[in-house]
Amino acid sequence: MAYYIIAVATTKMDIAILGAGPAGLGAAYKLAKRQVAGVTVVEKATAVGGLSSSFPISGIFADFGSHRLHTECRPDILADLQLILGDDLLLRKRRGRIRLQGRWLDFPLRPLNMIKKMPKHMAFGLLFHLLFSKFRKKPTENSSFSDVMMRGVGPGLCRDFYFPYARKIWGLEPEEISSIQALRRVSARSVGALLRRVLSSLGILGKSKAAYFYYPRKGYGQISEKLSVAAEESGATVLLGTEIKKIIRNEPSGFKILLSSGKGTYEINADQIWSTIPLTNLIKLLDLPVPQDVHQSLNLLESRAMILVYLAFNKEKVTDFDTHYFPEEQYSFTRVSEPKNFSGFGPIDKTILCAELPTQVNSKIWNMSDMEIGQSVIASLVIAGVLKGSEIPETQIKRLPNAYPIYKKGFEDAFYLVDHWVGSIEGLVTFGRQGLFAHNNLHHVLEMAYGAVDSLQENGMFDKENWRNHRVSFDKQVVVD
Ligand SMILES: Cc1cc2nc3c(=O)[nH]c(=O)nc-3n(C[C@H](O)[C@H](O)[C@H](O)COP(=O)(O)OP(=O)(O)OC[C@H]3O[C@@H](n4cnc5c(N)ncnc54)[C@H](O)[C@@H]3O)c2cc1C
């Protein structure tokens with residue numbers, strides 16, 4: 001295999017960005033526009049977008065599960081996305097529903113529908129909880145997901161909704177999950193917050209943000225594709241299908257990155273590395289002695305895997321909804337989406353459904369054949385009344401090893417150790433969902449990317465103090481559903 005060195009003569013500093021998901025590409029786009037550094041993005045996949053990419057099934061753009069750009073997106077970031085996507089970034093009304101005890105509740109929640117459809121014991125439980133919420137103990141540092149949610153919404157909703165959902169998503173008992181998971185993952189953590197959401201659907205508290213979302217005409221992946229094109233137009237290089245073999249420290253500063261692709265094995269030099277790849281993988285690639293405690297901590301930074309089951313139908317639509325939520329444990333999936341209903345575009349006589357099954361790599365279901373997994377999902381959808389028994393759709397399966405970070409109690413100390421050690425390596429910055437082990441949305445990782453670019457001074461120095469301030473704000477990011 002050929003071995004060569006790419007030498008780029010430049011007076012500017014060179015920054016290598018690892019990973020061409022939205023975080024890496026958002027940074028490449030902003031950085032290349034500033035023209036303060038040469039930018040090379042290294043991506044192992046043959047397409048951009050990471051978890052937020054899209055691919056065609058039956059002529060429809062399919063995503064890795066239900067993806068939408070939330071209206072909570074920071075205005076300057078939204079303005080950039082509107083600029084690069086133009087008319088292709090559509091504003092759409094949400095249309096979802098939740099399966100609860102044999103009934104369907106609208107999602108986003110709406111007052112009349114809730115009164116009609118919410119099981120009465122659950123509604124009274126919420127009201128009772130609201131009346132006595134003042135007297136409940138505040139969660140402490142040692143609290144769990146269970147403590148935060150029990151205090152916030154009470155035992156009824158926890159038992160019937162949040163706890164079974166949590167068990168499915170993270171594969172842990174609610175008592176084993178860190179309180180941070182509740183703070184980062186659940187936006188409606190109290191009866192008051194829930195009620196505000198419901199009332200906002202009436203427009204009483206202003207226009208409801210939750211009722212709408214942005215979605216690109218050609219699938220969620222179009223955001224990353226356009227960011228990639230815009231970054232390249234400003235001078236960045238995006239290397240796809242490129243594996244990182246090793247990262248070696250150059251003396252006195254900078255890095256040598258050994259790469260492998262269809263072109264052979266080669267190396268690039270970078271003054272700084274901005275990594276958005278999984279933190280644990282990054283550490284394995286570093287040709288540096290890893291302290292024992294950091295090494296041990298890596299085992300506590302686990303990710304939940306996900307199986308995505310795509311069912312293709314030769315008909316216009318299965319339902320009118322974009323997403324169906326299944327909190328109950330009798331269903332192996334947490335959500336089922338109909339991608340065509342996200343954009344409203346696609347072939348007239350075809351549609352697909354996508355079911356999301358959180359699991360572990362090498363679990364029983366992970367190792368089942370595609371046909372077996374497909375059949376079990378179809379059978380459950382028939383029970384839920386989404387499909388008729390006579391329908392036999394074509395099935396495609398995708399397996400994601402790193403879908404969600406698992407915040408098991410105690411992960412905080414492990415993350416702190418790993419993050420501090422990586423942060424102490426001069427010239428190395430990590431961000432993005434996988435780089436900061438953060439359960440967040442695309443607009444959040446773009447905030448991280450923009451924060452990193454904001455921390456790069458004109459002279460090429462990375463302003464650590466400024467970055468620390470940005471990092472504090474990332475800790476307040478809460479996933480929007
Ligand atoms: C089921 C599901 C539903 C979601 N729904 C939404 C939603 O509705 N709205 C929303 O905004 N967000 C949603 N998200 C979150 C969103 O997908 C992520 O926040 C976003 O994609 C994170 O971007 P990132 O660039 O940080 O990481 P990623 O998207 O994970 O990208 C990381 C990139 O690094 C690459 N990489 C990894 N290892 C290496 C290596 N060794 N060498 C080179 N490259 C490497 C990967 O191939 C990937 O391209 C959802 C996520 C999931 C799993």
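Buried means under 20% relative accessible area, exposed over 50%, and partly exposed in between, with a 1.4 Å probe and protein chains only. The model is predicted: local features need pLDDT of at least 70, side-chain atom pairs count only at pLDDT 80 or more, and totals for chains, interfaces and linings use all residues. Residues are numbered from 1 along each chain as its sequence is written, and side-chain values use heavy atoms, with hydrogens and water left out.

View 1. Strand β3 spans residues 37-42 and is mostly covered. Of its 6 residues, 5 are buried. Strands here are DSSP runs (E, at least two residues), and helices are runs of H or I of at least four, all numbered from the N terminus. Strands β2 and β3 run parallel, joined by 6 bridges. I15 has V39 as its bridge partner in β3. Two strands count as paired if DSSP finds at least two bridges between them.

**View 2. The open five-stranded sheet.** The sheet is open, with 5 strands in the order β11-β3-β2-β15-β21 and parallel pairing. Strands β11 (237-239) and β21 (428-430) stand at the edges; each has a single partner strand, so one side of each lacks a neighbour in the sheet. On average, neighbouring strands of this sheet are turned by 20° against each other, direction ignored. The axes are lines fitted to C-alpha atoms, for helices over the stretch in contact, and angles run from 0 to 180 degrees between N-to-C directions. Strand β2 (residues 13-18) also runs parallel to β15 (residues 272-275), with 4 bridges between them. The bridge partner of L18 in β15 is S275. Strands of a sheet pair through backbone hydrogen bonds, either parallel or antiparallel.

View 3. The whole structure holds 24 aromatic pairs. Rings of Phe, Tyr and Trp (its six-membered ring) pair if their centres lie within 6.5 Å; planes under 30 degrees apart are stacked, over 60 edge-to-face, and the rest tilted. F55 and Y310 make an edge-to-face pair, 5.5 Å centre to centre, with 85° between the planes. F55 sits in strand β4 (residues 54-57) and Y310 in strand β16 (residues 303-313), 255 residues apart. F55 is buried at 13% relative accessible area. Y310 is buried too, at 1%.

View 4. W467 and F474 pair edge-to-face, at 5.6 Å centre to centre and 65° between the planes. W467 is buried, with a relative accessible area of 9%. F474 is buried at 4%.

**View 5. Charges over rings.** K398 lies over the face of F55, at 4.4 Å from the ring centre. R99 lies over the face of W104, at 4.9 Å from the ring centre. A charge sits over a ring if NZ of Lys or CZ of Arg is within 6 Å of the ring centre and within 35 degrees of the ring normal.

**View 6. The surroundings of E243.** E243 lies in strand β12 (residues 243-249). The residue is partly exposed, at 42% relative accessible area. Leaving out residues up to four places away in sequence, E243 touches L258, L259 and S260. Contact means heavy atoms within 4.5 Å. The C-alpha atoms of E243 and A45 are separated by 8.4 Å, with the residues 198 apart along the chain. The side chains of E243 and K245 are joined by a polar contact of 3.5 Å. A polar contact is a pair of N or O atoms within 3.5 Å; within protein, one must be able to donate a hydrogen and the other to accept it, and residues adjacent in sequence count only if both atoms are side-chain atoms.
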